[in-house]
Amino acid sequence: MKKRVHVLFEHGLDGIPYGAGHIRLLCPLSHPSLQDKVSFSHGTDMPDFSVDVVIVERGWRHNATLSEQARLLEYLSASGTPYIYEIDDNLLDLNSGPGAPGYPSPEQRQIIMRFARNAAGLIVSTLPLKHRMTRLNSNIEVVENCLDERLFDFDLVNAKSEQRADAKRAGLVIGYMGTYSHLEDLLAIVEPLRGILRERRDSMRMEIVGIGDEALIRGLFDGLPVSVVKVPDGRVEYPAFMKWMQREIDWDFAIAPLIDSEFNRCKSDVKFLDYSLNRIPGIYSATQSYSETVVDKQNGLLVPADRQAWRDALALLADDSALRRTLSENAFSYVRAHRTLETKAVRWLKAIEVILAAGAHGTRS
């Protein structure tokens, strides 16, 4: 019999699931490899039919209150429906402390903690995040991020990669993709970026996707060839965004800096996956998020938190087209073989079953 799984995804005012919800829940649980094993539904609230398990993602509603959460938990308890809490970021340590930005708010932190404590168990994206959340619930399964191969036109990706390898191609393009929450990471390497862009301004430029504050970017790079690429309104939701990226983004290599923080120590290597399936070689911070996946100078460059090291890495990839090709090929091959849902979607069903079995035997703290 199919397991009936309903996902309450995290969403904003428009009710549309965020990218993490697609990557972590909607794509895996709707994958064809699970269609004979899972009856999958999803929404912003509970369905009008019975299910075997509910998965609640992150903060659920962007404006959820403790009283709304209490009503949901009371409903689940009264109906005898177990729920699993899914979280892919260390939100409890994001922007914490006096004077920090307002997300998550104190009430949102309480919501996160209560969801975690009362759940049958948790599904998280990394081992460090499991260690961070264990104090709230000991029944935790780690399911690493994998991408949905259905969202990729590999013929197009391969063709663009061949064009980038063309010796006649004029001008290099460095790419960066990250939300506003990653601004601090980008700021950490602004100096080496400014240096190489100033030195090679006639043969190199940079494109940024995600941090949409053009005035801020202009201020950071002060007339250097850096531009913000705006995602069209109809291409913001993750599946449409990934298809837009394949058509419109044409980077010779990309960067993924991460500063050392409590929040970042729990992050996954998803940016490596995104770049690699688009055959874009990358430079990555030598942090735990990437060091277990990226093999330096084989499928990416790993760089310590040192300005000169970043400057050297940027120059190396800019100058060595053969190395860019090698990194691109190896990274693509690794992700295609080991980190797509074609072979890994089943891991989600196994995690659900393990958590529910442990809860049924009273092993949850």
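## Aromatic contacts

Arg279 is placed over the face of Phe332, 3.8 Å from the ring centre. This contact, like everything below, is read from a predicted model.

Searching the whole structure gives ten aromatic pairs. Trp251 and Tyr275 make an edge-to-face pair, with 6.4 Å from centre to centre and 75° between the planes. Trp251 belongs to the loop between α9 (238-248) and β10 (253-256), while Tyr275 belongs to helix α10 (residues 270-277), so the pair ties together parts that are 24 residues apart in sequence. Trp251 has a relative accessible area of 0% and is buried. Tyr275 also counts as buried, at 0% relative accessibility. Both residues belong to one aromatic cluster, formed by Trp251, Phe272, Tyr275, Tyr284, Tyr290 and Tyr334.

## Strand β7

Strand β7 covers residues 172-177, and six of its six residues are buried, so the strand is largely enclosed by the rest of the structure. Both of its faces are covered. Leu172, Ile174 and Tyr176 are buried on one side, and Val173, Gly175 and Met177 are buried on the other.

β7 runs parallel to strand β8 (residues 204-209), and six bridges join the two. In this pairing Met177 stands opposite Val209 of β8. β7 also pairs with β10 in the parallel sense, over three bridges. Here Tyr176 stands opposite Ile255 in β10, and Gly175 has Ala254 of β10 as its bridge partner.

## Strand β10

β10 likewise has both faces covered. Phe253 and Ile255 are buried on one side, with Ala254 and Ala256 buried on the other.

Besides its three bridges to β7, β10 pairs with strand β11 (residues 282-285), again in the parallel sense and over three bridges. Ile255 stands opposite Ile283 in β11. Ile255 also stands opposite Tyr176, a residue of β7 that is itself buried.

## Second largest pocket

The volume of the second largest pocket is about 270 Å³. Its lining has 16 residues, of which Ser125, Thr126, Gln288, Ser289 and Glu292 are the closest to the pocket centre. The elements contributing two or more residues to this lining are α4 (127-133) and α11 (288-291).

By class, the lining of this pocket consists of three nonpolar, seven polar and six charged residues.

One cavity of 30 Å³ or more is found in the structure. The largest cavity has a volume of about 40 Å³. Its lining is made up of Val157, Lys160, Arg164, Met245, Gln246, Ile249, Asn278 and Ile280. Two or more of these residues come from each of α5 (154-164) and α9. α5 gives the most to the lining, with three residues.

The residues lining the largest cavity divide into four nonpolar, two polar and two charged. Lys160 and Arg164 are the charged residues in this lining, and Gln246 and Asn278 are the polar ones.

How values were computed:
Residues numbered from 1 in each chain as written. Predicted model: local features only at pLDDT ≥ 70, side-chain atom pairs only at ≥ 80, totals over all residues. Heavy atoms only, no water. Phe/Tyr/Trp six-rings, centres within 6.5 Å; stacked < 30°, edge-to-face > 60°. Helix = DSSP H or I, 4+ residues; strand = E, 2+ residues; numbered from the N terminus. Buried < 20%, exposed > 50% of the residue type's maximum accessible area, 1.4 Å probe, protein only. Lys NZ or Arg CZ within 6 Å of the ring centre and 35° of its normal. Pairing = 2+ DSSP bridges. 1 Å grid on protein atoms, 1.4 Å probe; cavity = no way out; pocket = protein on both sides within 12 Å on 5 of 7 lines; lining within 4 Å. Points joined across faces, edges and corners; volume = space filled by probe spheres on them.
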